[in-house]
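Reader: I am new to this one. Could you show it to me and take my questions about the words used for it?

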Amino acid sequence: MKPDLELNDAQQEQSIGILNFAAALGGACTGFIADAVGRRWTITAANLLFLVGSLVLAVCNGFGLLMIGRIVMGFGVGIALVIAPVFTAELVPANIRGSLVALSDVATNFGILLGYSIGLGLWGVDGGWRIMFALGIVPAFVLAILIWTVPESARWL
């Protein structure tokens, strides 16, 4: 990615770090968003941000679009990291709540591991970084659709 986009070291570092900054902002806004529009809409929004961010990253041709994609993706990450366990905790029975909230965290970490594994598998492939980001569109799209098969949180209603 660095040679394809002709990034210098500082730009590469900024493009990596900005995701964490945007995720912190997204996480901080999540409660307000979820209370305003509901948990399912908030999860859908996070997945749409993942989808748009992945698309921008897959087609970016310079530092500016790279940063936009990373900011959009980071905001989605922050929202998802906050709303997923909240939605799970509000939706499931008390006797399995802890296990399922923990499972949400395990699934998040598994997804991160899967992303790194795919990136490693695409190491050395021409444009492999674009393929890796483009693949992020698939789970974002699927989750944005499937969230509508479960009921809205009773606490929000």
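Reader: In which helix does glycine 74 lie?

Author: Glycine 74 lies in helix H4, residues 63-91; helices here are DSSP runs of H or I with at least four residues, strands are runs of E with at least two, and both are numbered from the N terminus. This is a predicted model, where local features need pLDDT of at least 70 and side-chain atom pairs count only at pLDDT 80 or more, while totals for chains, interfaces and linings use all residues. Residues are numbered from 1 along each chain as its sequence is written, and side-chain values use heavy atoms, with hydrogens and water left out.

Reader: Why is glycine 74 called buried?

Author: Buried means under 20% relative accessible area, exposed means over 50%, and partly exposed is in between (1.4 Å probe, protein chains only). Glycine 74 has a relative accessible area of 0%, so it is buried.

Reader: What is glycine 74 in contact with, beyond its neighbours within four places in sequence?

Author: Glycine 74 is in contact with Leu19, Ala22 and Ala23, where contact means heavy atoms within 4.5 Å. As for alanine 24, its C-alpha is 8.1 Å from that of glycine 74, and the two are 50 residues apart in sequence.

Reader: What makes tryptophan 41 and tryptophan 148 an edge-to-face pair?

Author: Rings of Phe, Tyr and Trp (its six-membered ring) pair if their centres lie within 6.5 Å; planes under 30 degrees apart count as stacked, over 60 as edge-to-face and the rest as tilted. Here the centres are 4.8 Å apart and the planes are at 65°, so the pair is edge-to-face. It links distant parts of the chain, with tryptophan 41 in helix H3 (39-59) and tryptophan 148 in the segment after helix H7 (137-146).

Reader: Why are tryptophan 129 and phenylalanine 133 called edge-to-face?

Author: Their ring centres are 6.3 Å apart and their planes are at 80°, so this pair also meets the rule for edge-to-face. Both residues lie in helix H6 (128-135), four residues apart, about one turn of the helix, and both are buried.

Reader: What makes a nonpolar core?

Author: A nonpolar core is a set of buried Ala, Val, Leu, Ile, Met, Phe, Trp, Tyr and Cys residues joined through side-chain atoms within 4.5 Å. The largest one has 13 residues, and Trp129 and Phe133 are among those with the most contacts inside it. Helix H3 gives the largest share, four residues.
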